[in-house]
Amino acid sequence: MPAFRQVGEKQLPQEVVFMAWSPKRDLIALANRAGEVLLHRLANFQRVWSLPPNENTGKEVTALAWRPDGKILAFGLTDTKRIILCDVEKPESLHSFSVDSSITYMHWMEVTEESSVLTSFYNAEDESNLLLPKLPALPKNYSTTAKIFSEEKSDEIMKLLGDVRLNALVLGGSSGFIEIYAYGMFKIATVTGVAGSCRGLCLSSDLKSLSVITEIRGSSDSEAEITYFQLDTSLLSSYLPEVTRMARKFTHISTLLQYIKLSLTCMCEAWEEILMQMDSRLTKFVQEKNTTTSVQDEFMQLLLWGKASLELQALLMNQLTVKGLKKLGQSIESSYSSIQKLVISHLQSGSEALLYHLSELKGMALWKQKYESLGLDASGIEEAITAVGSFILKANELLQVIDSSMKNFKAFFRWLYVAMLRMSEDHVLPELNKVMTQKDITFVADFLTEHFNEAPELYNRKGKYFNVERVGQYLKDEDDDLVSPPNTEGNQWFNFLKNSTHLKESPLLFPYYPAKSLHFVKRQMEGVIDRCLQKPADVIGKSVRQAVCMCLYKTSQSEDSTPQLFKLPFLWNDKTSNIHYVLFTILENSISKIYILRRHTDTSRSVSNGILGVDFGSFLSNSINDSSDSRCYSCLDAHFYDDETVTVVLKESVEKEEKERVLAQLPLSSVYTDEDQDREFIWDSTKRLDEQNGEISTCTVFLENQWRVLENMKAQYVSVNGIRKVSCVLSSNLRHVRVFEMDVEDDGEVEEEEEEETTQIAAGEPDELNQSADNQDNVCSASAEELPDETEEHDSSLDP
């Protein structure tokens, strides 16, 4: 009976370039050549959802990583150099950020170290939840970019932050690019000094060591050298409680900046282009009229004498029209009210929460004994607080402009509406036909004087002579000064500040930028905060030092066509014994032989450091040449199943037309029988490992029952999850997958519970996603018919 139970098989329409199992659920994420990210469940390899490529995020996925709690999936895109954090429940982006390099590898780890200080921090309730009101959900009737904060019942910020326990997303890219992001959101380290393009990363769970595999290529046509680096990251481990607290604050701040950005996006969408209609109509009127009378005088005559020139009548009755004026008035009132609500409830709430977290961060920075070594700078944080204050001032200014504009437009449109009704000799309703008081006339006259002045210099800048609508200029994302900045003449506070030398430069007062837009001040605030929080990343990055550098081997030319993400070496961190393992293969006599390199995460120790080769002896009853050569199998792929087992895909090395592929479990206990045997090798740093592999100890393993022949499949790659006890095998054409449960006998009851859990996820998705999954199954049905009978039996037995 086969050792592993097959539970699914599928022929996929697109080539798979990466696959990764969820650490907590029976779900596997795939990325294909078309740029899609897909989520499948274990049973029957049923698709849960798919996220198609788009121009905003990108179209070329080059890396995937799950957050350790399995609730967030991260993927990197090389064409846009962006990282997207996606919700596992639905194919929506929760957070995204740009990086300076194309990402080639991602690793997301969780800190497992425990201490009394950390435990108290983990168990304590976040004071910001007690002191700050919950941020209002963004309106759902705006752009899809605002969906992240539009759910009333879910706290999206807490979903993004996840558990209080520190986790870190490590990114590796070309030209030695390595960055570490706390909670997958905010950069806490920029690592330098590593050469080559990153092929593998592994940050130890105690934060003492970072293992890196890079590909160093001299020229485009030369063979690349695969090199292993072990970096000492002891500063992170030494200050773990402080790093955790600081990182938590950083991610709060990062999320609030995103909330403010999306609030501003909603405000821009609430402002409509129709509001510019008055400006464009008046500009056209100036260009076409034959009289020398100014537009302001034309409207003043209508206000004072009730008579309008023929040209003004034509403008009002033929172009603007009574109906158009009514619609314009309603649009202005609706738009301004929406923007006003967004400023008061969202923009101000987000800004105040941002001030709170920055102030707490400043308090942490002043505790120099704890945080100075991490690069937290109180003066830089003070500048960030000041920038947030300036943003709040600008938001308040916008509120005043909206309030003033709504009053002005209401009075102006009411008067003009009645005047136009009289021109058309229509019946004027009694409630509108009231005699205007002197106060009303003065109010409208002041509005005409201020807003209906022709400005030739404005025409050169904006292509219009008037700027009647004053709110839109605050929402423009441009560096130009405001067309109509607020009038501060006669303002007693401004005059007082202007005449006070000491107050003018006081740090207690937030700087005010009357001539700049809200967008400009927001971008300025983001820049200051980014610079302020960048310093710890630089300081921590510079503290990282290179402990070990080993040149492993040169890549063969045949590897060039292999997808980058499937190439060995593979890195693994044993959390129990704090050891980094490196799995890689070297071609010897046409056989890919697997080697296991292990390094202790504490770079000052040499314990458990060493290297060992593994040969696989004959264990198939139908193999040819059983006794001719003990090394009967080449290793195609290898991944750690858990701390004690390695899952391998093997290929018979005997001379046969159809070489069988085998999925097998390699227990480390069968390899490390003698603890000292992998320490006998003395490393010559002047040579590559493949030039001295004859001196490395080799262990020949004869597997007994933990293997299975992969019939009718040219298996090449494998992805495993020892926690969920599952594996997914991919063929060499990157389209054929098989899914296996690895420990069937020991886990019967648990499997049923987990299958129900993943079924709930799939059932909770929108109908269109379920339909798209069905369509996917239909596309592949022709290929599936050709699969072995054994597969059909397994699939039918697991149908829900």
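Which residue forms a salt bridge with Arg199, and how many Å apart are the closest N and O atoms? The partner is Glu215, with the closest N and O atoms 2.5 Å apart. A salt bridge here is a side-chain nitrogen of Lys or Arg within 4 Å of a carboxyl oxygen of Asp or Glu. Arg199 lies in strand β14 (residues 197-203) and Glu215 in strand β15 (residues 209-216), so this pair ties together parts that are 16 residues apart in sequence. Helices (H or I, at least four residues) and strands (E, at least two) are DSSP runs, numbered from the N terminus. Both Arg199 and Glu215 are buried; that word stands for under 20% relative accessible area, with exposed meaning over 50% and partly exposed in between (1.4 Å probe, protein chains only).

A word on the model itself. It is a predicted one, where local features need pLDDT of at least 70 and side-chain atom pairs count only at pLDDT 80 or more, while totals for chains, interfaces and linings use all residues. Residues are numbered from 1 along each chain as its sequence is written, and side-chain values use heavy atoms, with hydrogens and water left out.

Back to the charged pairs: the structure holds 22 salt bridges. Side chains of opposite charge can pair when their charged atoms come close. Helix α5 (residues 240-270) takes part through Glu242, which pairs with Lys370 in helix α10 (residues 368-371), so parts 128 residues apart in sequence are tied together. For Lys370 and Glu242, the closest N and O atoms are 3.5 Å apart. Glu242 is buried, at 9% relative accessible area, whereas Lys370 comes out as partly exposed at 29%. Another salt bridge joins Lys249 to Glu360, with the closest N and O atoms 2.5 Å apart. That pair links distant parts of the chain, as Lys249 sits in helix α5 and Glu360 in helix α9 (residues 322-366), 111 residues apart. Lys249 is buried at 9% relative accessibility, while Glu360 is partly exposed at 28%. Elsewhere, Glu225, Arg688, Asp690 and Glu691 are linked in a network of salt bridges.

Next come the strands. Two of them pair if DSSP finds at least two bridges between them. Strand β24 (residues 661-667) is mostly covered, with 6 of its 7 residues buried. Strand β23 (residues 645-652) runs antiparallel to β24 and is joined to it by 7 bridges; Thr645 has Pro667 in β24 as its bridge partner. Strand β26 (residues 707-709) also pairs with β24 in the antiparallel sense, over 3 bridges, and there Leu663 stands opposite Arg708.

An open sheet is built from 4 strands in the order β2-β3-β4-β5, with antiparallel pairing. At the edges stand β2 (16-21) and β5 (47-51), each with a single partner strand, so one side of each is left without a neighbour in the sheet. Within this sheet, strand β4 (residues 37-41) and β5 run antiparallel and are joined by 4 bridges, with Leu38 opposite Ser50 in β5.

Finally, there is the matter of open space.
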